Amino acid sequence: MNHNFLIQSKYYGWKGLLVNGNNRQEETDLRLYGKRIIALVDDEFEDLELWYPIYRVREEGATVHLAGPEKGKKYIGKYGVPAESELSFDELSAADYDGILVPGGWAPDKLRRYKQVLEVVRELHEAKKPIGQICHAGWVLISAGILKGVTVTSTPGIRDDMENAGAIWKDEAVVVDGHIISARRPPDLPEYGKAFVDAVAGQS
């Protein structure tokens, strides 16, 4: 009888060996094995917009670290789903990561006020590492000053903000402009998750 086994990593990224009878598929077959992603968190994040992309990249083998203003603090989403930060913002180093996920909700209006967050976003931008933003997450990229001339989408509610920052705004489910991947709202999450995974997997 054939049995399939998946060994989950400490951070819930899918790792280990996939065993199917006598055939073994090494963990390195996962598209994002060995990749490290930052997921920013603060209170009132949009629950699905935080967790869906996190689980999507973990399914592909990536390690995801949740980073918030305080390490080990539990932050609560708009609909009550908790997320505990594993790192504080001042512990982050862009050089240690392959991309970043910025959730929507009201959290971005808080996240944009932290100097460390803006510095990490700028450094990842300069290194052309994937930056994922959805819904109101564009506020963080606006404050980081990296949207001039970039084609993006977002919730229509911040279209003016995005355009005033120099972005070219489109009403599309997902827009990919180089290493910046943007989406509008929760119904766009499947396309957004795929586009972000593709971008990280495509990094050399």
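Modeller: A strand here is a DSSP run of type E with at least two residues, numbered from the N terminus. The model is a predicted one.

Colleague: What makes residues 151-152 a strand?

Modeller: Strand 12 covers residues 151-152 and includes Thr 151. In total, the protein has six helices and 15 strands.

Colleague: Why is Thr 151 called buried?

Modeller: Its relative accessibility is 17%, and buried means under 20%; Thr 151 therefore counts as buried. Beyond its neighbours within four places in sequence, Thr 151 contacts Ile 168, Lys 170, Val 175 and Asp 177. Across the protein, buried residues account for 50% of the 204 residues.

Colleague: Why is Lys 128 called exposed, and why is Glu 44 called partly exposed?

Modeller: Exposed means over 50%, and Lys 128 stands at 54%, so it counts as exposed. Glu 44 has a relative accessible area of 36%, which lies between the limits of 20% and 50% and is therefore partly exposed. Lys 128 sits in the loop between helix 3 (115-126) and strand 11, and Glu 44 in the loop between strand 5 and helix 1. Neither is a glycine, yet phi is positive, at about 55° for Lys 128 and about 65° for Glu 44.

Colleague: How do you know that the span of helix 6 is close to the expected one?

Modeller: The expected span is 1.5 Å times one less than the number of residues. Helix 6 (residues 189-201) has 13 residues, for which 18 Å is expected, and its first and last C-alpha atoms are 18 Å apart. Its buried residues include Leu 189, Tyr 192, Phe 196 and Val 200. Among the elements that cover the buried residues of helix 6 are strand 5 (36-40), helix 1 (47-59) and strand 10 (99-102).

Colleague: Which residues have the most contacts inside the largest nonpolar core?

Modeller: They are Ile 38, Leu 40, Leu 92 and Leu 147, in a core of 61 residues. Helix 6 provides the largest share of this core, seven residues. Leu 147 touches, among others, Leu 141, Ile 142, Val 152, Met 162 and Ile 180. In soluble globular proteins, nonpolar side chains tend to be buried together.

Colleague: What makes Lys 71 and Glu 91 a salt bridge?

Modeller: A side-chain nitrogen of Lys or Arg must lie within 4 Å of a carboxyl oxygen of Asp or Glu. For Lys 71 and Glu 91 the N to O distance is 3.6 Å, so the pair qualifies. The pair links distant parts of the chain, 20 residues apart. Lys 71 is exposed at 53% relative accessibility, whereas Glu 91 is partly exposed at 38%.

Colleague: How do you know that Asp 109 and Arg 112 form a salt bridge?

Modeller: Their closest N and O atoms are 3.8 Å apart, and the limit is 4 Å; the pair is therefore a salt bridge.

Colleague: Why are Glu 163 and Arg 159 said to be separated by about one helical turn?

Modeller: They are four residues apart in helix 5 (residues 159-164), which means a separation of about one helical turn. An α-helix has 3.6 residues a turn. The side chains of Glu 163 and Arg 159 meet in a salt bridge at 3.1 Å, N to O. The structure holds twelve salt bridges.

Definitions and conventions. Residues are numbered from 1 along each chain as its sequence is written. This is a predicted model: local features need pLDDT of at least 70, side-chain atom pairs count only at pLDDT 80 or more; totals for chains, interfaces and linings use all residues. Side-chain values use heavy atoms; hydrogens and water are left out. Buried means under 20% relative accessible area, exposed over 50%, partly exposed in between (1.4 Å probe, protein chains only). Contact means heavy atoms within 4.5 Å. A nonpolar core is a set of buried Ala, Val, Leu, Ile, Met, Phe, Trp, Tyr and Cys residues joined through side-chain atoms within 4.5 Å.
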